[in-house]
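Please look over the sequence and the structure shown here.

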Amino acid sequence: MRQVLLGCASLILLLAAACAPGDPGSTIKGVTYNAQQIAEGRTYYEQTCAACHGVDGEGQFPDAPFEPDETGRLGAPPHNPTGHTWHHSDELLLRYITDGGFADPANFYIMPRWDSLYTRDQAALIIAYIKTMWTEEQRIYQQRVTNEEEALVAQTQP
Ligand code: HEC
């Protein structure tokens, strides 16, 4: 009995370690990033993205992120679980960083492009960090969106 209990306890510890925040081993397009790489992505995020999207991904206007301000435009959206960044595939998230946003500037503030500052590999580190802000369900959903999109692309390629 004691051994069974000990076995259970170590299993729980193992599971807890696997789910510890900050080291979920974010996967982007099949490549899994470790805690050190995620920390590098976090540095880039804090240097470049936090000014608009918030240090904790709370968005530019955390009190009403999806309401236009007095200029009639929406600010940088939250990346945390209250936002919808997790609805986008890995490829689209990478392109947001390298190519910038594409929303109508009449309705949104502008999301600049960062390809002169970050390579695509560095952009992946930033996305790996943003993924740590999501819930487990959101991460699973986003992985499914990514897989479905990749399957579709593979189908249309000769
Ligand atoms: C000058 C402010 C600003 C900075 C700095 C900025 N963004 Fe944005 N970002 C925006 C705005 C505004 C939008 C919404 C407009 C759009 O989608 O075109 C946006 C949209 C996004 C989206 C789509 C989010 C969603 O929920 O649909 C992603 C992803 C994103 N940004 C990532 C980043 C990353 C990563 C960085 C840092 C490398 C960054 N942004 C830096 C303003 C900014």
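The protein contains five helices and two strands, where helices (H or I, at least four residues) and strands (E, at least two) are DSSP runs, numbered from the N terminus. This is a predicted model, in which local features need pLDDT of at least 70 and side-chain atom pairs count only at pLDDT 80 or more, while totals for chains, interfaces and linings use all residues. Residue numbers start from 1 along each chain as its sequence is written.

Along the sequence, the elements follow the pattern α-β-β-α-α-α-α. Of the 158 residues in the protein, 22% are buried. A residue is called buried if 20 or more other C-beta atoms lie within 10 Å of its own, exposed if 12 or fewer, and partly exposed in between, with C-beta atoms placed from the backbone. Two residues are in contact if their C-beta atoms, placed from the backbone, lie within 7 Å. Among contacts between residues at least 6 apart in sequence, 59% join residues at least 24 apart.

Start with helix α4, residues 120-131. The twelve residues of α4 reach 16 Å from the first C-alpha to the last, close to the 16 Å expected at 1.5 Å a residue; the expected span is 1.5 Å times one less than the number of residues. Nine of the twelve residues of α4 are buried, so this helix is largely enclosed by the rest of the structure. The buried residues of α4 are Ala123, Ala124, Leu125, Ile126, Ile127, Ala128, Tyr129, Ile130 and Lys131. Their cover includes β1 (27-28), α2, α3 and α5.

Helix α5 (residues 136-156) has 21 residues and reaches 31 Å from its first C-alpha to its last, close to the expected 30 Å. Of these 21 residues, the number buried is one, so α5 lies largely in the open.

How do α2 and α4 meet? The axes of helix α2 (residues 35-53) and helix α4 come within 7 Å and cross at roughly 95°. Axes are lines fitted to C-alpha atoms, for helices over the stretch in contact, and angles run from 0 to 180 degrees between N-to-C directions. The two helices are therefore roughly perpendicular to each other, a term for angles of 65 to 115 degrees. On the α2 side, the contact involves Gln37, Ile38, Glu40, Gly41, Arg42, Tyr44, Tyr45 and Cys49; on the α4 side, Gln122, Leu125, Ile126, Ala128, Tyr129 and Ile130. By class, this contact has nine nonpolar, three polar and two charged residues. Ala, Val, Leu, Ile, Met, Phe, Trp, Tyr, Cys and Pro count as nonpolar, Asp, Glu, Lys and Arg as charged, and the others, Gly among them, as polar.

Arg42, in helix α2, is partly exposed, with 18 other C-beta atoms within 10 Å. Its C-alpha atom is separated by 9.1 Å from that of Ile127, 85 residues apart along the chain. Thr32 belongs to strand β2 (residues 31-32) and is exposed, with 11 other C-beta atoms within 10 Å.

Key:
Angles under 35 degrees count as roughly parallel, over 145 as roughly antiparallel, 65 to 115 as roughly perpendicular and the rest as oblique.
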